Amino acid sequence: MKLLGAVLGVAALSALTAAACWPIHDGPLAPQLLISGLILTAGICAGLPACFTWLSHEQEHPRMLHNLPTILTTPPRRRLGHQTLILNRDGAVLLIGTAYRSGLTLPGGSAEANELPHLAARRHTETETGLVLPLRHILATDYVDARTLPEGINFVYWGGHLTPAQEDIVARHRPPATITAVHWLHPHQLADAMPPDQHRRTTHALTALTRGIHLPLLLRGTPAE
């Protein structure tokens, strides 16, 4: 309705300008008035696209009743980490070693700007293991305070039990040079191979899996695909 009103308003204003100029088309000020009318009409037409943009933006993002607080308009810097818990047929956990930290971790990494969370998890998992997994459910979230890195929140996704064919993909995959090792370890072996924080995170994810507790990943209220 607003868009229709804007179009009708431009047409009506243009008609009024022409009507006002016509009676004096042969008067002494006719050229000046005609030029002014044309300039006015051209200006309105030139501003029409901006009007359309404003209207569409308003429809997509309704006006707020109050100004947003600063914490929402300029939020603090935070990292979003995404890891994947993957088990083989024997219940062993897939772990990787990296060149930039000691010990083994779950496959995963940080999301880039404007990257959907499950796509970030999928991207890192595929790069490091060769597996393409849906990753639609979260087993655990873990807040990490700022120390050597900015504060962050890490999500552990359920990657599923692999089929023999998928295990073969992991065995044949050649990860980038930053991945120094790929291992399958049983839960009782994790404490000796993983950093304490990573071990605790993985243990809680395994517990949630055992209890059948997981959260669906939603994108604006809709399950991720």
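User: Which elements each supply at least two residues of the lining of the largest pocket?

Analyst: In this predicted model, the elements that each supply at least two residues of that lining are β1, β2, β3 (101-105), β4 (108-110), α4 (117-129) and α7. A pocket here is an open set of points on a 1 Å grid over the protein atoms alone, where a 1.4 Å probe fits and protein lies on both sides within 12 Å along at least five of seven lines, and lining residues have an atom within 4 Å of a point.

User: And which of them gives the largest share of that lining?

Analyst: The largest share comes from β1, which supplies 4 residues. The lining has 25 residues, and the closest to the centre of the pocket are R79, R101, L149, N154 and Q198.

User: How much space lies in that pocket, and what classes of residue line it?

Analyst: About 700 Å³ of space lies in the largest pocket, and its lining is made up of 6 nonpolar, 12 polar and 7 charged residues.

User: What about the second largest pocket, what is its volume?

Analyst: The second largest pocket has a volume of about 220 Å³, and its lining has 8 nonpolar, 2 polar and 2 charged residues. Among the residues that line this pocket are L80, H82, I138, F155 and Y157, while β1 and β6 (152-161) each supply at least two residues of the lining.

User: Before I go on, how should I read the numbering and the model?

Analyst: Residues are numbered from 1 along each chain as its sequence is written. Since this is a predicted model, local features need pLDDT of at least 70 and side-chain atom pairs count only at pLDDT 80 or more, whereas totals for chains, interfaces and linings use all residues, and side-chain values use heavy atoms, with hydrogens and water left out.

User: Okay, new topic: how many helices and strands are there?

Analyst: The protein chain has 7 helices and 10 strands, where helices (H or I, at least four residues) and strands (E, at least two) are DSSP runs numbered from the N terminus.

User: Is Q83 buried or exposed?

Analyst: Q83, which lies in strand β1, is buried, with a relative accessible area of 7%. Beyond its neighbours within four places in sequence, Q83 is in contact with residues including T105, F155, Y157, Q198 and R201. Q83 and A121 are 38 residues apart in sequence, and their C-alpha atoms are 6.1 Å apart in space.

User: Last one: which residues touch the most other members of the largest nonpolar core?

Analyst: Those residues are L85, V93, L95 and L190, in a core of 14 residues; a nonpolar core is a set of buried Ala, Val, Leu, Ile, Met, Phe, Trp, Tyr and Cys residues joined through side-chain atoms within 4.5 Å. The elements that give two or more residues to this core are β1 (79-87), β2 (93-98), β5 (137-144) and α7 (196-210). There is also a second, separate core of 13 residues, which includes A121, L131, I138 and F155.

How values were computed. Buried means under 20% relative accessible area, exposed over 50%, partly exposed in between (1.4 Å probe, protein chains only). Grid points are joined across faces, edges and corners, and a volume is the space filled by probe spheres set on the points. Ala, Val, Leu, Ile, Met, Phe, Trp, Tyr, Cys and Pro count as nonpolar, Asp, Glu, Lys and Arg as charged, and the others, Gly among them, as polar. Contact means heavy atoms within 4.5 Å.
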